[in-house]
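Please look over the sequence and the model below, and then follow the text through them step by step.

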Amino acid sequence: MPMAFSGGPATAADCGSSAAPGLDWRDCSKRSIVIPGSDLQGADLFSTDFTMTDLSGSNLTGANLEKASLMRASLAGAQAGKANFSRIEAYRTNFSGISAEGASFAAAELQRADFTGAKLTGGNFEKAELGRANFDNAVLTGAKFSFANLSRADLSSATFEGPIVLDHAFMFLTRIEGLDLSAATGLEQAQVNLACGNEQTKLPAGLAAPDGWPCAAD
């Protein structure tokens, strides 16, 4: 007689299963569906297609979303501490209000992503594509942007305490008006010359505001 299981972990790559902690949706298609408030803590979501899916308010703590497709999806208000978002495709994705402390967005495609009000303390954005990303009122304490493309990204209303890592970041017209970057590490004059600051922008010792500040409205 076959043994019945209930309430146990989903079988590997069980694309037909409902959202549950620790499930395996690797390579599954979950695009254009509405599943807000889902509990996907610790789930394996490697290369899952969430294009245009509503995951707002979901629990993604510790989940693996490496190489997932999240284009135009909503993760607004989600809990995603220590989650792995490395190499995701997230063009125009809504991350507003997400709590993603210690999460990795390394080498992610995040052009025009909305991180308004996001909690990103200790976040890793190394080599991420962040063109025109919006970090309005985001918390970026200890965030790492090494080798990231921050072209036209808006950091001007972000908040952070202590150092923020910006070595080799591409900062063409990056909005840094009003930021205290005096403790930033890796920031060089060539980057500052490309960025958009103002009289309130504080720079590390040895760096100076260029003549082109403030920039014209974009």
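**Salt bridges**

Glu-66 and Arg-87 are joined by a salt bridge, with 2.3 Å between the closest N and O atoms; the term stands for a side-chain nitrogen of Lys or Arg within 4 Å of a carboxyl oxygen of Asp or Glu. Glu-66 and Arg-87 both lie in the segment before helix 1, so the pair ties together parts that are 21 residues apart in sequence. Helices (H or I, at least four residues) and strands (E, at least two) are DSSP runs, numbered from the N terminus. This is a predicted model, in which local features need pLDDT of at least 70 and side-chain atom pairs count only at pLDDT 80 or more, while totals for chains, interfaces and linings use all residues. Residues are numbered from 1 along each chain as its sequence is written, and side-chain values use heavy atoms, with hydrogens and water left out.

The structure holds four salt bridges, and another of them is formed by the side chains of Arg-31 and Asp-49, at 3.0 Å from N to O. This pair links distant parts of the chain, with Arg-31 and Asp-49 each in the segment before helix 1 and 18 residues apart. Arg-31 is partly exposed because its relative accessible area is 43%, while Asp-49, with a relative accessible area of 16%, is buried. A salt bridge also connects Glu-177 with Arg-175, where the closest N and O atoms are 2.5 Å apart, and here both Glu-177 and Arg-175 are buried.

**Disulfides**

The chain is also linked through cysteines, for the structure holds two disulfides, a disulfide being a pair of cysteine sulfur atoms within 2.5 Å. In one of them, Cys-15 and Cys-28 are bonded with their sulfur atoms 2.0 Å apart. This link joins distant parts of the chain, since Cys-15 is in the segment before helix 1 (189–194) and Cys-28 is in the segment before helix 1, 13 residues apart. The torsion about the S-S bond of Cys-15 and Cys-28 is about -80°, and therefore this disulfide is left-handed. Cys-15 counts as partly exposed because its relative accessibility is 33%, whereas Cys-28, at 2% relative accessibility, counts as buried.

Cys-196 and Cys-215 form a disulfide as well, with their sulfur atoms 2.2 Å apart. Both Cys-196 and Cys-215 lie in the segment after helix 1, so the pair ties together parts that are 19 residues apart in sequence. The link of Cys-196 and Cys-215 is left-handed, with -95° about the S-S bond, and Cys-196 counts as buried because its relative accessibility is 1%. When the bonded cysteines are counted along the chain, the disulfides follow the pattern 1-2, 3-4.

**Core and surroundings**

In soluble globular proteins, nonpolar side chains tend to be buried together. The largest nonpolar core of this model has 61 residues, of which Phe-85, Phe-105 and Leu-110 touch the most other members; such a core is a set of buried Ala, Val, Leu, Ile, Met, Phe, Trp, Tyr and Cys residues joined through side-chain atoms within 4.5 Å. Leaving aside neighbours within four places in sequence, Leu-110 is in contact with several residues, among them Ile-88, Phe-95, Phe-105, Phe-115 and Phe-125, where contact means heavy atoms within 4.5 Å.

Which residues does Asp-136 contact, apart from its neighbours within four places in sequence? They are Phe-115, Thr-116, Gly-117, Asp-154 and Ser-157. Asp-136 has its place in the segment before helix 1 and counts as partly exposed because its relative accessibility is 26%. The C-alpha atoms of Asp-136 and Asp-24 are separated by 34 Å, and the two residues are 112 residues apart along the chain.

In helix 1 one finds Gln-191, which is buried because its relative accessible area is 8%. Neighbours within four places in sequence left aside, Gln-191 is in contact with Leu-166, Asp-167, His-168, Ala-169, Met-171 and Gly-186.

Note on methods
Buried means under 20% relative accessible area, exposed over 50%, partly exposed in between (1.4 Å probe, protein chains only).
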